[in-house]
Amino acid sequence: MKYSEVFAKIKGILSDAGIEDFESDAWLIFSHVTGVTKAGYYAHMDDDLAKTDVDKMLDMTNRRQQRVPMQHILGEAYFFGRRFIVNGDVLVPRFDTEVLVERTLKSIRRDYLGTAGGDSKGLSILDMCTGSGCIAITLGLELAGRNICVDASDISEAALSIAEENAKLHEAKINFFKSDIFEQVDKKYDIIVSNPPYIKSEDIAKLDREVREYDPLNALDGGEDGLIFYRRIIKEAPSFLNRGGTVLFEIGCDQGADVLSLFIEAGFSQVEIHRDLAGLERVVSAKYIN
């Protein structure tokens, strides 16, 4: 089959399946297998493709037709402009989480790197519920050259395996370890950052099919009210924070007031809710001074 015939076939299958972004998804599949640019495609539209490539593209198209996320089909997702390996063992990195990273970087640069001798004192960061490792790795890379130690934990060994692959991919020095929240944590940190599971258990079934069927349940389910992990982390965090340490969470857009209250009740101060570009509550940060 010719380039143009295969591309048209892929688009038709995805369009008929009701895939909203059928054309862009078709191009992702086509370019992933062939490696051609759009300019190359138009220059070779009438060239024949190898049958093995056609079969591979049609197999990927069939998976997308079944609503398997494109990131799982391609085995990769982009976060902060960088490529990360993903599969069904980790939550696919999302733009919402970039807001959490941006706020964390801003906090670090303001409160630590902007102070006299900030670099010489060293800075310790823990990314809890790390999943693909995208938060920890991005922080490590964005702060490269600084006197900073980044650790990352997760309860899932499968997730940690993917995170370690991503760290190798980006040559990022991250210390990954398995832990159920603070169970295996044995040191104190200046920054604890987390995108924990925060979907209410009863709402899991209402999620988009691509999320509820393909993202790992343990990365989504935040318990009856969606706050179980916020409660656990906030309650235990003071024992694992250096004086003046900061905790930053990604939150659901309707959870800001609840998480803010949990912080205040636990004795945290300077509690702030930060919004994303759409004006939705996306991050809560707080300091522990006691």
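Helix α8 (134-142) and strand β4 (148-154) each give at least two residues to the lining of the largest pocket. Helices (H or I, at least four residues) and strands (E, at least two) are DSSP runs counted from the N terminus. Keep in mind that this is a predicted model: local features need pLDDT of at least 70, side-chain atom pairs count only at pLDDT 80 or more, and totals for chains, interfaces and linings use all residues. Numbering starts from 1 along each chain as its sequence is written, and side-chain values use heavy atoms, with hydrogens and water left out.

**Pockets**

- The largest pocket holds about 450 Å³ of space; a pocket is an open set of points on a 1 Å grid over the protein atoms alone, where a 1.4 Å probe fits, with protein on both sides within 12 Å along at least five of seven lines, and lining residues have an atom within 4 Å of a point.
- Its lining counts 30 residues, with Cys-129, Gly-131, Asp-154, Asn-218 and Ala-219 nearest the centre.
- The second largest pocket holds about 320 Å³.
- Among its 15 lining residues, Arg-94, Asp-96, Tyr-198, Ile-199 and Leu-220 sit closest to the centre.

**Helix packing**

- The axes of α1 (residues 3-16) and α4 (residues 51-65) come within 10 Å and cross at roughly 15 degrees; axes are lines fitted to C-alpha atoms over the stretch in contact, with angles from 0 to 180 degrees between N-to-C directions.
- α1 and α4 are therefore roughly parallel (angles under 35 degrees).
- On the α1 side, the contact (heavy atoms within 4.5 Å) includes Val-6 and Ile-10, and on the α4 side Val-54 and Leu-58.

How values were computed
Grid points are joined across faces, edges and corners, and a volume is the space filled by probe spheres set on the points. Angles under 35 degrees count as roughly parallel, over 145 as roughly antiparallel, 65 to 115 as roughly perpendicular and the rest as oblique.
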